[in-house]
Amino acid sequence: MREVAVVAFGQSVHVRDSAETSEVEMLMPVLHDVLAQTGLAARDIDFTCSGSCDYLAGRAFSFTMALDGVGAWPPVSESHVEMDGAWALYEAWVKILTGEADTALVYAYGKSSPGDLREVLTRQLDPYYVAPLWPDSVALAALQAQALIDAGLTDERALAGIAARSRTAAESNPHAQLRGAVPAGEPLVAPLRTGDCPPIGDGAAAVVLAAGDTARRLTARPAWIRGLDHRIEAHSLGVRDLTDSPSTRLAAERAGAFELPVDTAELHAPFTSQEVVLRRALGLDAADGTVRINPSGGALAANPVMATGLIRIGEAAARIHRGASDRALAHATSGPCLQQNLVAVLEGE
Amino acid sequence: MSKEPVAVTGIGQTAHVAARRDVSLAGLVREAARRALDDAELTWADIDAVVIGKAPDFFEGVMMPELYLADALGAVGKPMLRVHTAGSVGGSTALVAANLVAARVHRTVLTLAFEKQSESNAMWGLSLPIPFQQPLLAGAGGFFAPHVRAYMRRTGAPDTIGSLVAYKDRRNALKNPYAHLHEEDITLEKVQASPMLWDPIRYSETCPSSDGACAMILTDRAGAARAPHPAAWVHGGAMRSEPTLFAGKDFVSPQAGKDCAADVYRQAGITDPRRQLDAVEMYVPFSWYEPMWLENLGFAEEGEGWKLTESGVTELDGDLPVNPSGGVLSTNPIGASGMLRFAEAALQVRGRAGAHQVDGARRALGHAYGGGSQFFAMWLVGAEAPAT
């Protein structure tokens, strides 16, 4: 299998409301940033792939205008997934593995501010039996949190600890939306308090991938993708054990995550309770506290929907680039209560 | 290490109609997937991954419906990818799936595309509101009609060409039991007498709005060796994109389409597509796009495409049959339309196209486009495995 690495990562400053900027305006500085990091021009990119969602923008084909930010002239080899950008990275990784491309630009963006995100996300549920009830994303996450508490796997105090650790870590992340101590707050949907929930906000991120010696030429310390896999579970919450994430565990196995210990894990856990599920599925609790979890602050510090998963891969790669990690795990999720999960294993040389 | 050759060993599609009120979204996609599995004589357990595509989620009012469809498509515990590249998505989806096999990430992949347009109104779904775009357009026809007029002016093509294409495609559809429109009493005069919708495009020169799905099983050499029926082999595949609007854009013959075709021909070793290809399934949602794409894809010199149509070259019994299935003009579940082109091209080289089979078809092109003539996806399939 070809060696493929993340050679550059960039992201916007994530904000509650970006009404003054379009998606293209939000994206362009990020795209320019990652290209500048590698010294590549747009025409040097062999393949471009993005992730976004029409339901956030409130219009069909919202990604077509974002393409203006790429400068797709002369025409480019390009694709788009209606998924988090982590899956766009997966498509680009496969493209490089075929040998048809040596470099790829991956980007993702999401503006949650124009709508009511909790209501918008109800539209991704089973349209016949669940969506008509409008159960919102916080309510579903609360069901999962309560299941964890009932099973004796966590309690509200432990969840508050995850929230505090994440926002404290984000103090050194200039892109984060929530930094420093955040009050646990009032119960939003019991047992989840506002502090257990992610901020709602807008943002964009981009990654450059490159193969083999091209990657070595473009950056001093490439973050090599040693494994990358993703799995989906049943949609109906009623047939799932919400305290577990077998799809995360299987993706991690396939990605080789359990072959050697990692020193860092960037987990896409928008709710504190979901970090508990992911740590158990990935065996991170057993590793006697040696694994640094979400040093960026994670999704609890910034959650630009559709880009949050790609940012986990980017943050893990960036730590490898600057020598702060030798082997890192990055995780992305999609769907209600962690229905679909992706795991990447990244290493320095 | 060279790429793994990719074979199409299973193809399935639903009956396409204006409204499939008898099935849910899950029932619709499962019908196509089940038929593809049956064609390949495989079961759900033989599938390593699922790659699904569709056009805008607003058409059904379900955000990222693949999450809900995971169970119906046997994807639980497997990887599932969702592609969306506007109208070209059915083709792009097949190419993403093919790459999973070519890169040896997976051995056997189910790829599927669908649209259930009866859940909404596609024309207004495609008409973007302020503040996204100036309110000039009513549906895709309003966008494309000026470009058709530009083609007519540029080439001097006679007004009659568009109706010839529609008359041909609707007659071809009579031979395709899955096609949406079966106009048994179609005549050229009826096409020419149909109401003018977006000048110069008449009602009978436009695609219908359909519910439907299409699925394919893509597999590696070992999978093809076990297949019960002849495979179609992927000899080349490519995607190209350019911006929606920019100064100097050629809407009549976009550069992205030319580049995409050139890439596919290079991969497949095609130097004279007009002579070397036996059938073409191209994305013609408005009749005039047949002569326009004939030029864009290199089957005719610039300005000459309409002459192929006029002289009957693109008829089912002509020497370059175009859209023997009846094409998008007869069946248009938008998200699936591109995959239907890819699948129909594969059916032709497998010799399994039934009454609309082109005799002796060995190499065929599947073509899809979308957005403002800006997203292109194509593949070239053959009856023989590619030389490696």
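**Helix 10 of chain A and its neighbours**

In this predicted model, the buried residues of helix 10 of chain A pack against helix 6 (137-150), helix 7 (156-169), strand 6 (192-193), helix 9 (246-254), strand 9 (264-266) and strand 11 (327-334) of chain A.

Colleague: Okay, so how many of the residues of helix 10 of chain A are buried?

Modeller: Helix 10 of chain A covers residues 272-282. Its buried residues include A:Thr272, A:Val276 and A:Leu282. The helix is largely enclosed by the rest of the structure, because the buried count is 10 of the 11 residues.

Colleague: Is helix 9 of chain A parallel or oblique to helix 10 of chain A?

Modeller: The two axes, helix 9 and helix 10 of chain A, lie 9 Å apart and the helices pack at an angle of about 40°. Angles under 35 degrees would count as roughly parallel, and 65 to 115 as roughly perpendicular. That makes helix 9 of chain A, relative to helix 10 of chain A, oblique.

Colleague: And which residues of helix 10 of chain A make that contact?

Modeller: The crossing of helix 9 and helix 10 of chain A is right-handed. From helix 9 of chain A come A:Thr248, A:Arg249 and A:Ala252. Helix 10 of chain A brings A:Leu278, A:Ala281 and A:Leu282.

Colleague: Moving to chain B, which helix of chain A gives the most to the side that touches it?

Modeller: That contact takes 46 residues from chain A and 49 residues from chain B. Among the elements of chain A supplying at least two residues each are helix 2 (54-57), strand 8 (223-232) and helix 4 (85-97). With 5 residues, the one that gives the most is helix 4 of chain A.

How values were computed. Residues are numbered from 1 along each chain as its sequence is written. Chains are lettered from A and ligands numbered from 1 in the order in which they are written. This is a predicted model: local features need pLDDT of at least 70, side-chain atom pairs count only at pLDDT 80 or more; totals for chains, interfaces and linings use all residues. Two residues are in contact if their C-beta atoms, placed from the backbone, lie within 7 Å. Helices (H or I, at least four residues) and strands (E, at least two) are DSSP runs, numbered from the N terminus. A residue is buried if 20 or more other C-beta atoms lie within 10 Å of its own, exposed if 12 or fewer, and partly exposed in between; C-beta atoms are placed from the backbone. Axes are lines fitted to C-alpha atoms, for helices over the stretch in contact, and angles run from 0 to 180 degrees between N-to-C directions. Angles under 35 degrees count as roughly parallel, over 145 as roughly antiparallel, 65 to 115 as roughly perpendicular and the rest as oblique. A crossing is left-handed if the near helix is turned anticlockwise from the far one by less than a right angle, and right-handed if clockwise.
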